[in-house]
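Please look at the sequence and the model below before reading on. The report then goes through a few residues, a group of rings and a pocket.

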Amino acid sequence: VQLVESGGGLVQAGGSLSLSCAASGGTFDFTTMGWYRQAPGKERELVAGIRISTGRTVYAESMKGRFTISRDNAKNTMYLQMNSLKPEDTAVYYCKAVVVVTIHEYDYWGQGTQVTVSS
């Protein structure tokens, strides 16, 4: 399974970007998918997640109301719509997919896409 992010770039504060994460190379019986980010000198943190079976979503507190995670099962693609971007949102954004088989969990990560928000 391969995950490929796209859509990153440079945007001014207050602007918007939309990220995509396309899955390929295997079957996609994912349990959950999510977006994470890592800023320079900081640990990777959860941005938003979605449970595939129910569509239930979860967001980090600072992203609530600004970011929206969604998934198109037919296209095997996950999205992150980011609005009202702030300079502190600057980071490399990664997508992650999790497959749970009985008691085993398998994590898949994309290579990351850079998002830079200028002030």
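Gln111 sits in the loop that joins strand E10 to strand E11 (113-118); strands here are DSSP runs of type E with at least two residues, numbered from the N terminus. This is a predicted model, in which local features need pLDDT of at least 70 and side-chain atom pairs count only at pLDDT 80 or more, while totals for chains, interfaces and linings use all residues. Residues are numbered from 1 along each chain as its sequence is written, and side-chain values use heavy atoms, with hydrogens and water left out.

Gln111 has a relative accessible area of 48% and so counts as partly exposed. The scale, computed with a 1.4 Å probe on protein chains only, calls a residue buried under 20%, exposed over 50% and partly exposed in between. Setting aside residues up to four places away in sequence, Gln111 touches Leu3, Val4, Glu5 and Tyr94, where contact means heavy atoms within 4.5 Å. Between the C-alpha atoms of Gln111 and Glu43 there are 16 Å, and along the chain the two are 68 residues apart.

**The aromatic rings**

Which residues form one aromatic cluster? They are Tyr36, Tyr94 and Trp109. The structure has two aromatic pairs. Rings of Phe, Tyr and Trp (its six-membered ring) pair if their centres lie within 6.5 Å; planes under 30 degrees apart are stacked, over 60 edge-to-face, and the rest tilted.

| Pair | Centre to centre | Angle between planes | Type |
|---|---|---|---|
| Tyr36 and Trp109 | 5.1 Å | 65 degrees | edge-to-face |
| Tyr94 and Trp109 | 6.4 Å | 85 degrees | edge-to-face |

Tyr36 belongs to strand E4 and Trp109 to strand E10 (residues 104-109), so their pair ties together parts that are 73 residues apart in sequence. Tyr94 is in strand E9, and its pair with Trp109 in strand E10 links parts of the chain 15 residues apart. Tyr36 is buried at 19% relative accessible area, and Tyr94 is buried at 13%. Trp109, with 35%, is partly exposed.

Val1 lies in the segment before strand E1 (2-6) and is partly exposed, with a relative accessible area of 37%.

Is Thr77 buried or exposed? Thr77 is buried, because its relative accessible area is 9%. Thr77 is part of strand E8 (residues 77-82). Its side chain reaches the backbone oxygen of Lys75 at 2.8 Å. Beyond four places in sequence, Thr77 touches Ser20, Cys21, Ala22, Ser70, Arg71 and Asp72.

Ser70, one of these contacts of Thr77, is found in strand E7. Ser70 is partly exposed at 30% relative accessible area. Leaving out neighbours within four places in sequence, Ser70 is in contact with Ile50, Thr77, Met78 and Tyr79.

**Two positive phi angles**

Most residues other than glycine have a negative phi. Asn76 is not a glycine, yet has a positive phi of about 50 degrees. Asn76 is in the loop between strand E7 (67-72) and E8. Thr102 also is not a glycine and has a positive phi of about 50 degrees. Thr102 lies in the loop between E9 and E10 and is exposed, at 69% relative accessibility.

**The largest pocket**

Rolling a probe the size of a water molecule over the atoms shows where empty space is left. A pocket is an open set of points on a 1 Å grid over the protein atoms alone, where a 1.4 Å probe fits, with protein on both sides within 12 Å along at least five of seven lines; lining residues have an atom within 4 Å of a point. Volume is the space filled by probe spheres set on the points.

The largest pocket holds about 200 Å³ of space. Its lining has 14 residues, and those closest to its centre are Thr32, Met33, Gly49, Ile50 and Val58. Strands E4 (32-38), E5 (45-51), E6 (57-59) and E9 (91-101) each supply at least two lining residues. Which strand gives the most to the lining? E5 does, with five residues. By class, the lining has seven nonpolar, four polar and three charged residues. Here Ala, Val, Leu, Ile, Met, Phe, Trp, Tyr, Cys and Pro count as nonpolar, Asp, Glu, Lys and Arg as charged, and the others, Gly among them, as polar.

Key
Helix = DSSP H or I, 4+ residues; strand = E, 2+ residues; numbered from the N terminus. Polar contact = N/O pair within 3.5 Å; in protein donor to acceptor, adjacent residues only side chain to side chain.
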